[in-house]
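Open the model in your viewer and follow the stops below. Each one gives a selection and what is found there.

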There are 2 protein chains.
Amino acid sequence: MLTYKKKYTVPYYESDANGNMKVPSLLNVALQLSGEHSFSIGVSDDWLKETYNYTWVVVEYAMEINRLPRFTETITVETFAKSYNKFFCYRDYVFYAENGEKLLTVSTTFVLLDIETRKVVRVLDEIVAPYKVDKVSKIIRGHKYQELSTSECIEKIYHVRFNDIDQNGHVNNSKYFDWMVDPLGFDFLSTYVPEKIYLKYVKEVLYGVDILSRVSRDGLVTTHEINATGNHAQAQINWRKK
Amino acid sequence: MLTYKKKYTVPYYESDANGNMKVPSLLNVALQLSGEHSFSIGVSDDWLKETYNYTWVVVEYAMEINRLPRFTETITVETFAKSYNKFFCYRDYVFYAENGEKLLTVSTTFVLLDIETRKVVRVLDEIVAPYKVDKVSKIIRGHKYQELSTSECIEKIYHVRFNDIDQNGHVNNSKYFDWMVDPLGFDFLSTYVPEKIYLKYVKEVLYGVDILSRVSRDGLVTTHEINATGNHAQAQINWRKK
């Protein structure tokens, strides 16, 4: 198993009002790292595009957070591919404090998308071989999401902005989290921090639409949905007092 | 004159749909650098807060852009304090390509804000002395902004989100630019790039409000205003074909 790692110091602009590193920034830094990992072993995103016209797309995150990195803190982020099967590739990212304390883990499920047809394609062994990772037949079961309680949910509309769109031509996947948690409001978001996050991308969001973010809350567990033309993403977040 | 500099490689998540580094990201990286500069000479933002309960606030930007940095490009960012007077401190940031080509310059005007009263205070010599910068009596004239043509402007409402708020308790100044240019739409923003940007902050935006972003266009010059409780910011941008 190949591990790729990098140090990172949390800048001002990746920190929220509480001085914690923002969750979308965690995901950004994580995905940037695996992009560099792929580049370093000769299977970069550019190579994938030029050779097959494919791109990697995250379909699900599961995060376990012991503590969020803090503004000015220097952390180490590690990533490694875990296994793959016919359609899915599994990769973890682990964030460590300078003293070696494990801060959080992000487990991800990737698929390969054909850029032209926007459809998921089979994982070719030759694309994955350089990661030195085992092919498994088993498909890992994703998180089972609860139904959103539509009778008591909070909802808010968000515009998709130009700067939300990435070079894949759709909304960057880190943006969904902001839409999901923002309706909870300042008081909630400065009292609680996420402890577990399960986030599933169902359908990409393109430029030009407004999305509806809906949240229902049951104690310290919130259920989230992003809707525009149908359901685009869903999530469950377990919170704890800051 | 003390110059502080740092290399920076443009990550995926700081790049827009065209592969250019986002303007808000340029401002973020710039301000982070001067924060590190201050820290390195013993007058950090924390020191300023603990000693005087003051904070630095940008009141105006003037940017000249020859070329925006590109995704994966490694650039060098330099910053230095230029001069100061009773109320204003002037600082430049210069972005260079690896071959030494000057990409862009950001000229900024800072004031010191009393955190408790939220009022601008006089610049104390002892705060500025470590930057080894000249005190001048002259107040540099800011850009003269055109009136917005309200009869033909495009306007759009944006929510202030939790993750727009920084540790100063107000909207991070890099967010205004997104609000300002977004109403111009995808086609405009993927056809033109900014060449000159003048941006003035009039009044801070706090959490809980919706802002109205208004833009009027006269050829390749756009005029912008951010309104909520009065006028919060204004800008002029000169564009050129990409």
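Start with A:Arg118 and A:Glu204. They form a salt bridge in this predicted model. The closest N and O atoms are 2.8 Å apart.

Now zoom out and colour by domain. Select 4-135 of chain A for domain 1, then 150-241 for domain 2. The C-alpha centres of these two domains of chain A lie 20 Å apart.

How many salt bridges are counted between domain 1 and domain 2 of chain A? The count is one. Between domain 1 and domain 2 of chain A, 11 residue pairs are in polar contact, both residues being at pLDDT 80 or more.

Stay on the domain 1 side. Which elements of chain A give two or more residues to the side that touches domain 2? Select helix H1 (23-40) and strand S2 (54-65). S2(A) supplies the largest share, 10 residues. Colour this side of domain 1 of chain A by residue class: 13 residues are nonpolar, five polar and four charged.

Now show both sides of the interface. On domain 1 of chain A, 22 residues are in contact with 21 residues of domain 2 of chain A.

Last stop: select A:Tyr61, A:Ile65 and A:Arg118. Together they supply 26% of the area that domain 1 of chain A buries against domain 2 of chain A. That is more than any other three residues. A:Arg118 is also the salt-bridge partner of A:Glu204, where the tour began.

Notes. Residues numbered from 1 in each chain as written. Chains lettered and ligands numbered in written order. Predicted model: local features only at pLDDT ≥ 70, side-chain atom pairs only at ≥ 80, totals over all residues. Heavy atoms only, no water. Domains from an automatic or database assignment. Contact = heavy atoms within 4.5 Å. Buried area = accessible area lost by both parts, 1.4 Å probe. Salt bridge = Lys/Arg side-chain N within 4 Å of Asp/Glu carboxyl O. Polar contact = N/O pair within 3.5 Å; in protein donor to acceptor, adjacent residues only side chain to side chain. Helix = DSSP H or I, 4+ residues; strand = E, 2+ residues; numbered from the N terminus. Nonpolar A, V, L, I, M, F, W, Y, C, P; charged D, E, K, R; others polar.
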